[in-house]
Amino acid sequence: MHFKRNTVREQIKNPNIMIIIPPYLKAGDTIGIVCPAGVMPYEKAHTAITVLQEWGFMTKTGSTLNGQYHYFSGTDEERLNDFQKMMDDDSVKAILCARGGYGVGRIIDQINFKNFKTNPKWIVGFSDITILHSHIFSKYRIASMHAPMAAAFNNGEYKNNYVQSLHKSLLGEKMNYSCKSHVFNHSGSVTGRLVGGNLSLLAHLQGTVSEIKTKNKILFIEDVGEYIYNIDRMMRQLKRGGKLDNLAGLIIGGFTQMRDTDIPFGQTVEEVIRDVIHEYDYPVCFNFPVSHEKENYTLKVGLKYKLTVGKTRVELLEKEG
Amino acid sequence: MNRKHFISSIVPLGVSISPVSQLIKKAGLKTGELEILSPKIPKYLQPGATIGITCPSGYISVEDIQPAILKLQSWGFASTVGKTIGARDFSFAGDDELRTLDLQQMLDDDGIDAILFARGGYGAVRIIDRLDFTKFIKNPKWLVGFSDATVFHAHLNRNFGIASIHSKMCNSFPEDWTKAEPSQIDSIDSIRKCLVGDQMEYTAIPNENNRTGKAEGILIGGNLSILQNLAGTQSDINTAGKILFVEEVEEYLYNVDRMLWNLNRSGKLEKLQGLILGGFTKLKPDDPGEEFGRTIYEMVTRIVKDCAYPVCFDFPVGHQKNNYALKCGMKHKLSVNLNGCILKETR
């Protein structure tokens, strides 16, 4: 098949593509908790911190947790310094971003990745954190975790499979996920590295140094609270930017709390996406449990997965390397 | 070094066009890369000229374009109404096929001297790659509109260096002119002036946040969301050496900030000659507890603090009554001082 041939050719051309996988955690390791974007009051992160400790990790909270400067958890300088400190602190083995919001794009170009490149650690989060995932993997080929953040632990939800998938992922367990098939799926089976995140952020990164590279990759996307017409517009931006042409596979996560204009757009968000990608023959699955809702499995950006889209089930299996 | 940057760095400001094109030929650049320096200007309109009205984006009724038709008539122009006017596919003025065909027919019809878009909305980006500009490039005509039509201004500038008019559209022509504000009437009349070839000049009131200075360059820009949506595509604008204008409507402040940062991160702000901010109107209220806490002025000032070019706020362009017709792709002089701002087309 076309995409398989591409994968092989790519590997022959670049036999030494190396992915850097940060060391997995063990009991006793320290997780740093920061807010590089929006405000997170300590109370709302309290459960997450307690649970991380129950899991056997130490926690170190940055100054931006519980901080506030208008909309942000601190000034650009404060958020940058807090994040930089955690990046450069060798005792911190992973950085959990307590929440998204908006703000990483204002500091990303000032972050110094020098120490991080030689001593990589897991960066954990989603939504606005998509910028970090995309930047780190596109520029440095370092893997990271697209995963639930602090608020997902609240109200007893830390017991659910989605938050638990973060625990297992941090410990280095190979993760296998599955979900029901959707009528719009394109069947097939493919292996490729996983990249992706929030659609709005991926669109906004296009044309910048942090933009996502999707060739021969399995791309996953999700979004929340957007207008349906704007999902259409952003999908077309990705398409016009060549980001959808040479995928190995495509995972459509949750597109939740969608809004419509006064004059209805006339299509569901699933129909919008179906129409944008109709000409591609790679495997596609809809409604995969990665989203701004509870259903949000931890995905390791940069790692190899096997995506199998079958008639009734979809499976995403983490592979070696 | 990027070839485009190379050219803009070796060509001093104010050099006339012909030696520059020789220079570019010597440098072996492709035609698509000439747009910075040699704008192609469509023919200005003579009395009796025909203006095609089409809608590549959102739905509009036949009634809603009547005030525009009457006005065009009073200017001495005939109009041809395309099939998309009154057509409807939910929010669109007909499906992608119809909107493509309607605009394509007008691009190719030698009997049509300019194309006025009926309204914006959403839809241009769905058809831009289906359009065939082969005939249009040989015999360019003015494309007139704004908002979603920013797609066309950017695409024409980036790919062909063809000038176009950023202005109000049919849906802004009032039914009752006696009730229209002078600035609205004036803005609509500026479309006529652009079309007949007047040398344009605009003024903006002083703003304490302005950064004073003088600039000269090709004018380019439009709606911020649309410029953002074109990033990384074949319609993406090159801004080096140019005067950029942006406007926005009905957005969250945080998202305006994000889009401005992205312009910066994609290198579109650092090599400007000048920056013009139009209206940022009907901005959406912040979510409670998530107040963004800064103004457009503060956002822009923060982002361009390391650049030296003039910056003008509150320029009369945007989703508002005073939205003057601007010639995208044409050379302008910008002068920002304590008395306000003057933007003047240069020849």
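How many bridges join strand 7 of chain B to strand 8 of chain B, and do these strands run parallel or antiparallel? Strand 7 (residues 213-223) and strand 8 (residues 243-249) of chain B are joined by 5 bridges and run parallel.

The model is predicted: local features need pLDDT of at least 70, side-chain atom pairs count only at pLDDT 80 or more, and totals for chains, interfaces and linings use all residues. Residues are numbered from 1 along each chain as its sequence is written, while chains are lettered from A and ligands numbered from 1 in the order in which they are written.

**View 1. The open sheet of chain B contains 7 strands.** The strand order is 6-13-12-7-8-9-10, with mixed pairing; two strands pair if DSSP finds at least two bridges between them. Strands (E, at least two residues) and helices (H or I, at least four) are DSSP runs, numbered from the N terminus. At the edges are strand 6 (201-204) and strand 10 (311-312) of chain B, each of which pairs on one side only. Within the sheet, E247(B) of strand 8 stands opposite N223(B).

**View 2. An open sheet of chain A contains 6 strands.** The order here is 2-1-3-4-5-11, and the pairing is mixed. Strand 2 (58-61) and strand 11 (299-301) of chain A each have a single partner strand, so one side of each is left without a neighbour in the sheet. Neighbouring strands of this sheet are turned by 25° against each other on average, direction ignored. Strand 1 (residues 30-34) and strand 3 (residues 92-97) of chain A run parallel and are joined by 5 bridges; I33(A) stands opposite L96(A) in strand 3.

**View 3. H133(A) lies in helix 6 (residues 130-140) of chain A.** This helix lies across strand 4 (122-125), strand 5 (144-146) and strand 11 of chain A, at about 150° to strand 5. Axes are lines fitted to C-alpha atoms, for helices over the stretch in contact, and angles run from 0 to 180 degrees between N-to-C directions. H133(A) counts as buried because it has 31 C-beta neighbours inside 10 Å; the criterion is 20 or more other C-beta atoms within 10 Å, with 12 or fewer for exposed, partly exposed in between, and C-beta atoms placed from the backbone. Not counting residues up to four places away in sequence, H133(A) touches S144(A), H146(A), G197(A) and V301(A), contact being C-beta atoms, placed from the backbone, within 7 Å. The C-alpha atoms of H133(A) and M145(A), 12 residues apart along the chain, are separated by 7.6 Å.

**View 4. Strand 12 (residues 304-309) of chain A has a covered and an uncovered face.** Y305(A), L307(A) and V309(A) form the covered face, whereas K304(A), K306(A) and T308(A) form the uncovered one. Strand 12 runs antiparallel to strand 7 (residues 188-198) of chain A, with 6 bridges between them, and L307(A) is the bridge partner of V190(A). Strand 12 and strand 13 of chain A form a hairpin with 3 residues between them.

**View 5. The contact between the chains takes 22 residues from chain A and 26 residues from chain B.** Helix 4 (104-107) and helix 9 (228-240) of chain A each supply at least two residues of the side of chain A that touches chain B. Helix 9 gives the most to this side, with 5 residues.

Notes. Contact = placed C-beta atoms within 7 Å.
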